[in-house]
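Please read the following walk through a multi-chain protein model with the structure open beside the text.

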Amino acid sequence: MKLRVLRLLAVVSVPALVLAACGGDDAASSSTPGAPADEPALDGDIAVFAAASLTDAFTELGTAFESENEDVSVEFNFGASSALREQILAGAPADVFASANTSNMDQVVDGGASTGPENFATNQLQIAVPAGNEAGVTGLDDFANADLLIGLCAAEVPCGELGREALANAGVAPSVDTNEPDVRSLLTKVEAGDLDAGIVYVTDVLAAGDAVESIDIPADENVIATYPIAALTGAADAAVADAFVEFVLSDAGQQVLDSYGFDAP
Amino acid sequence: MLHAAIEVHLGAFRLDIDVDVDDGEVVALLGPNGAGKTTALRVIAGLQPLDNGRIELDGSVLDDPAADVFVPTAERPIGVVFQDYLLFPRLSALDNVAFGLRARGHGKASARNRARDWLERFALAEHAYAKPRTLSGGQAQRVALARALATDPRLLLLDEPLAALDAGTRLQVRTELRRHLATFHGARLLVTHDPVDALVLADRLVIVEQGHITQTGTPAAVTARPASRYIAQLVGINLLHGTATGEHTVRLDTGAELTVADPLPGLDIALAIRPQAIALHRQTPDGSPRNAWAATVTDLEADRDRVRVSLAGPVPATAEITPAAVADLDLAPGISVWATVKAVDLTAYER
Amino acid sequence: MNRRRPGARRAKQQRAPWLVLPLAAAAVAYVAVPFVALLQRAPWSNLSDLVGRPVVIDALRLSMTTALAATGIALLLGIPLAWVLARTRFPGRSAARALVILPMVLPPVVGGAALLFAFGRRGLLGGPVYDSTGFLLPFSMWGVVAANTFVAMPFLVLTVESGLRAADPRYEDAAATLGASRSMIFRRITVPHAAPSIIAGAVLCWARALGEFGATVTFAGNLQGRTQTMPLAVFLALESDRDAAIALSLVLIAVSLAVLLPLRDRWLSV
């Protein structure tokens, strides 16, 4: 549906642009899905601040976007959404923000740094255990076991907040050994076997491949994380920023996200 | 009894001396700076190893490279008084003196008691709790000596014991030190560059120059017949070298000829002239003194109630005259004078 | 009679070369301005509230304890190491010194990761120890101490080594002539004479340990009351509760000043 709207917009804007450009620019071979072939080529650099759990998916999205727009370069800053939010509100030079939860995005919007965020993906939680699952973890109940080394994300970051919600849903009071500052460092410790189990996103487990095994959380206990994305008002290159957001929301973008384990918004 | 045959190589410098010290004897190693005296002392103390030779104290071998024997410093029955005393700054005088006793296993109280006895013997009882930096030079030296003696060593080594004192204090402390040294009955070896220290404190002198011994003997013997220019200068005597050209005449290395009263003892001659025996004149002297030469004044130096006049010329020497004479003769550096000395005032001995 | 202030004459004698003062002032300003900005943003109105919360008390207690413990270990191991580096000669001495200084150069997180590889549950040493005794450093207070010691000890070693080099070795000769054994010389002469550099080194080490973050969070983890030190608490609070973060920072600064200000010049000089 989005694509149709865009096509409509494009058709309408082409005459306007042609009039404005008066035959100046060469038509780029830009085949960004959704952007008509005869729109002027995108040109610029953007900085995308994205949640840590989006690292692999967005890196691929960035490469794809760059290869379809030769004069564009995309730089990423991956980190905990809360940390990124703070940086943006403090005036960091970001063009796009993709958050792992809506509350961080809301705060950015409230801070006047963005308008019109859109949800582009959802994620669910999963229990990650080291390959081999030596501790024999079977579900959230094991998180109450004081003999196991259990890790969660810190409560201040989205994955930590959601993880605690899932545990509450399951009625488990966890015996936590560490609250890692972001989901990637938690995953690293599980992978290395320094922890027996941790609650991370489904996408993280997928990204870790064979190094990590996973245990599903029943749907009635699990929590859905909604990921919004928005171009920021302070963007130096608004056109490119908007185009990237559209790319993420496009079919091609959604396919990439799906391949990494994200669900549709 | 110390037998030390010392051979040490330090880069280009070579120290090669033999020193024996009997119980009850005070021997002074006297020599210019850089002669190797302090090195010799450090080797005897074990702070530096021998390259060749042997050090034996009371029959026990302390260092013998050939036999691969080396007794570490801490196990040698010695006491050392260092040039700067090296009193431990954070310990009181009492604890400094007690240190060696504590090191040898005495309890704190017993060590302190014996240390107190030593301080009393050196009239330092009231400074027992003072820190070294509050002590005067003389007091610090006595504490250092007490500290070294407190452990009943078999050999006492002193490195320039008066060097850290100013001239006024040195005089008094030297006399006291002589008295204190006399109370210790083991072997005593001191190292100094100051001839007066050596002459006052020692029973026997060992003169060390550039790593070698140039003379040994009692203070009287050495001052009477200095064997090298250094020693002669040290004791304030002019020493000239020459060759006998007759029974009573000596041609100096500079070419000048001097006549002596007594028959010459050999061919290679050392002539000793006391500075006081040289007379100075502005004009050619009356009469016909056998020994007269033209000289140029190069320096005038006041020395208590006398003036030492350095003379350049065929007979390089230093004369000693009264200030009145200096005024009479109107002497100043650069002035030409005539110098004379009586034949009977020239002492000749074989080199 | 012209009466001058007693300090005036002395001040005249110590006038600095003209370039030195402005540069020194710039240095002080550069360090002072961020603190001033921090103070300006501080939530003075509800500071006592924020500071009294359990998370703050726990973090402070943990920071103090672990920094002190790390300094203690650094003294115990670092002084002998400094002595060996300063006084002995052996092949590979420069390599040893470079190794000891390495934690200063490494990003702390790298240090933390390396500590995990060594002492983690599957670590080189940690694995066998865990398998046989069940003892584990990560996720415990001793893990924090280990991380702190790793990053802070080099400061102590370097400082003490330089102090030992500067010390007069002749006092040790004198002690030897009095019959002191090598261990007695070390205890009663070497270490007391090196006291100023030991104090300075301990202060540096303690300060570094107090501020340590990267190695701690990577190796020991983050758990209130057990491994969440002040720097970790501040880091997390920065994203969720700015005011709390600033309050925590102020507490840390106040405590540090309380320790650093009373340091007398003469304890730090020879």
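This is a predicted model: local features need pLDDT of at least 70, side-chain atom pairs count only at pLDDT 80 or more; totals for chains, interfaces and linings use all residues.

Residues are numbered from 1 along each chain as its sequence is written, chains are lettered from A and ligands numbered from 1 in the order in which they are written, and side-chain values use heavy atoms, with hydrogens and water left out.

Chain A holds nine helices and nine strands, where helices (H or I, at least four residues) and strands (E, at least two) are DSSP runs numbered from the N terminus. Of its 265 residues, 51% count as buried, that is, under 20% relative accessible area with a 1.4 Å probe, protein chains only. Where contacts (heavy atoms within 4.5 Å) link residues of chain A at least 6 apart in sequence, 77% of them join residues at least 24 apart.

Chain A meets chain C through 23 residues of chain A and 19 residues of chain C. Together these two chains bury about 1800 Å², with 50% of it on carbon and sulfur atoms; buried area here is the accessible area (1.4 Å probe) that two parts lose on being put together, summed over both. Four salt bridges are counted between chain A and chain C, each being a side-chain nitrogen of Lys or Arg within 4 Å of a carboxyl oxygen of Asp or Glu. One salt bridge joins A:Glu134 to C:Arg122, with the closest N and O atoms 3.9 Å apart. On the side of chain A that touches chain C, α3 (81–89), β6 (178–180) and α6 (183–192) of chain A each supply at least two residues, and α3(A) provides the largest share, four residues.

Chain C also touches chain B, in a contact that takes 17 residues from chain C and 21 residues from chain B. The area buried between chain C and chain B is about 1800 Å², and carbon and sulfur atoms give 67% of it. Of the area that chain C buries against chain B, 38% is supplied by C:Thr177, C:Leu178 and C:Arg188, more than by any other three residues. Two salt bridges are found across this interface of chain C and chain B, and B:Arg42 forms a salt bridge with C:Asp173, where the closest N and O atoms are 3.4 Å apart. The elements giving two or more residues to the side of chain C that touches chain B are α9 (170–177), α10 (182–193) and α11 (195–211) of chain C, and α9(C) gives the most, with seven residues.

Note on methods. Buried means under 20% relative accessible area, exposed over 50%, partly exposed in between (1.4 Å probe, protein chains only).
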